[in-house]
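Q: I am new to this structure and would like to go through it step by step. Could we look at it together?

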Amino acid sequence: MFGVLASCLFLLALGLPGTVALRRLTDRLTTLELGVYGLPLGVVLGSLTLLLLAVIASGLGLPLVLLVAVGSLAVAGALGPWCSIVAALGGALGRSQRLGFAATATAKGKGPVEEVVAAPNLLDRALATFGPLSLCILGAFIIRWALLWRGALTYDATGLVAGHVNIWGDWSLHLGDVTSFVYGGNLPPQHTRWAGTPYAYHYLTSITAAAMVRLGMDPAGALTLHSFLFCVLLLLGLFAFAARLTRDRDAAGVSVALFLLGGTLGWLVIASQINQSHDFLGTLLRQPWDNGQQGDLNFRWPNIFFSLIESQRGYLYGLPLFLLILTLLYEGVQGGARTLFAAAGLIAGALPFAHTSTLAALALVTPFVALLFPRPLREWVTDWALFFGLWMATAVPQLLLQYRGQDVGTRGLRLQLGWVAAPDSWPWFWLKNLGWFGPLLIIALASRTLLTGPARRFLWATMPIFVICNLVAFFPWDWDNTKFLLYWFLAVCILVAALLVQTWRAHDSLVVRSVLLGVVATMILSGLLL
């Protein structure tokens, strides 16, 4: 129990400087955004500092972990001071902020606004912040993840047991990384499976978990606690990002549900089996999802959470930083201070050891953001040169250290028209893998009234990812293009959720609303069955 408490305090200490720095940087972020983006930012920067010092010291000892924690608090105090942050957090317990966005947010100097709302208890404050629908959605995910991560790695008489097939498949790597850093003295890191070769991988989450082990946790417990806490931060970050673009709490909550539960029409396979067996409950209990059978039928689009976020822990750092960077750029292109571009570039430079897939996805998105938001030429060139220049200046040296001359980042790059659609035709492949997501996306992209002009253009900037990933395979295993398509799918879910919510409000007909519920069910059933 002491190890759990010490680890939580350690993560909070690392996270505080990120929150304070964002507060000092701009007043365009809501209180929610300061927390859900600032804490991961601080932990990433603190873990990078810990990694650097551990390499210099050739070991990750407890004194070093404590030194970084105390140093992080000192940095927060220098920026804050941190005592004012504690006072602000305490004051927030007595009031609530209803998330909102000024109607003239596209005008220079106008950004997100928060309306202070009197709320007598915690439930009322949460309702004022998130709204009833989104609060139910977010609460359900937190409860589900508490149960999932509680049983993610457990011990019995046979040894260590994984609570989900994707944890069984991927977490042996993460567990090996953590134990190698703590017990193997693997600093500077070399590959944990091929001795003597550089570890060209984004292992920063394992550095953080290793520090938690030094604070008294066992490696399995450190991984699961770290994953749970950052899944909750990611959940709230996804909501905050969608709320900023849609200016609608209900649409934001629905987009989170679609993103984390969305999947293929592969649920039709189990529906067919139930139809043949006439045993609904028994068929579901035997095997609700057969990955082999789904693959044989070419259902290849993954559930984002189970296939990528849960198993590949780098997304716990990569996704929040991606959302933060895009949020800063979104405000910057609408007349925000030039410092927003500079901050976005420096934060992007923290990605190589945190999550290289996010780094590459950002490189695919940001040029199109720049093209879709033209400004006076001199101003446009200066702002984007500042962003890309600072990004390259901070990221390239890290990549050189990380890869040390290896070409593992490009060796799988090749032309592959249609991606993994064969043997299906390309249109049929995407229709059965996306279901209603595809047609609804087309309608949403064509609508000029669904979102504000800047929000619509910003989401349009992610659409080229889909085109590029259907032309080029970036990895030796072509399915890994999903690591980039994930960011496109996030935009899809925001657009589709906004369309569904708008349609629901425009029609109070029982028939129309029943159809909408049925459509949503087809989009999330596969995710619920996993």
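A: The answers below take up a helix, its salt bridges, a hairpin and a surface patch. The model is a predicted one.

Q: Let us start with helix α9. How far apart are its end C-alpha atoms?
A: They are 40 Å apart. Helix α9 covers residues 219-246, and at 1.5 Å a residue its 28 residues should span 40 Å, so the two values agree.

Q: Is α9 enclosed by the rest of the structure or open, and how many of its residues are buried?
A: Of its 28 residues, 26 are buried, so α9 is largely enclosed by the rest of the structure.

Q: Now salt bridges. How many are there?
A: The count is eleven.

Q: Which residue forms a salt bridge with Arg244?
A: Glu331 does, and the closest N and O atoms of the pair are 2.5 Å apart. Glu331 belongs to helix α15 (residues 315-332) and Arg244 to helix α9, so this pair ties together parts 87 residues apart in sequence.

Q: Are Glu331 and Arg244 buried or exposed?
A: Glu331 counts as buried at 5% relative accessibility. Arg244 also counts as buried, at 3%.

Q: And what about Arg505, where is its partner?
A: Arg505 meets Asp250 in a salt bridge of 2.9 Å, N to O. Arg505 lies in helix α23 (residues 482-506) and Asp250 in helix α10 (residues 249-261), so the pair links parts that are 255 residues apart in sequence. Arg505 is partly exposed at 47% relative accessibility, and Asp250 is partly exposed at 23%.

Q: What about Glu379 and Arg375, how far apart are their closest N and O atoms?
A: They are 2.4 Å apart, in a salt bridge. Elsewhere, salt bridges with shared partners join Arg28, Glu33, Arg244 and Glu331 into one network.

Q: Changing topic: how do strands β3 and β4 run, parallel or antiparallel?
A: They run antiparallel, with four bridges joining β3 (residues 153-156) to β4 (residues 159-162). The two strands form a hairpin with two residues between them, and Asp156 has Gly159 of β4 as its bridge partner.

Q: Last one: which residues make the nonpolar surface patch?
A: Leu415, Leu417, Val467 and Leu471 make a patch of about 410 Å². Leu471 sits in the loop between α22 (463-469) and β6 (472-473), and Leu471 is partly exposed, with a relative accessible area of 38%.

How values were computed: Residues are numbered from 1 along each chain as its sequence is written. This is a predicted model: local features need pLDDT of at least 70, side-chain atom pairs count only at pLDDT 80 or more; totals for chains, interfaces and linings use all residues. Side-chain values use heavy atoms; hydrogens and water are left out. The expected span of a helix is 1.5 Å times one less than its number of residues. Buried means under 20% relative accessible area, exposed over 50%, partly exposed in between (1.4 Å probe, protein chains only). Patches are made of residues with over 30% relative accessible area and no salt bridge: like charges are joined within 9 Å, nonpolar side chains (Val, Leu, Ile, Met, Phe, Trp, Tyr) within 5 Å. Accessible areas come from the Shrake-Rupley method with a 1.4 Å probe; for residues, only the protein chains shown count as cover. A salt bridge is a side-chain nitrogen of Lys or Arg within 4 Å of a carboxyl oxygen of Asp or Glu. Two strands pair if DSSP finds at least two bridges between them.
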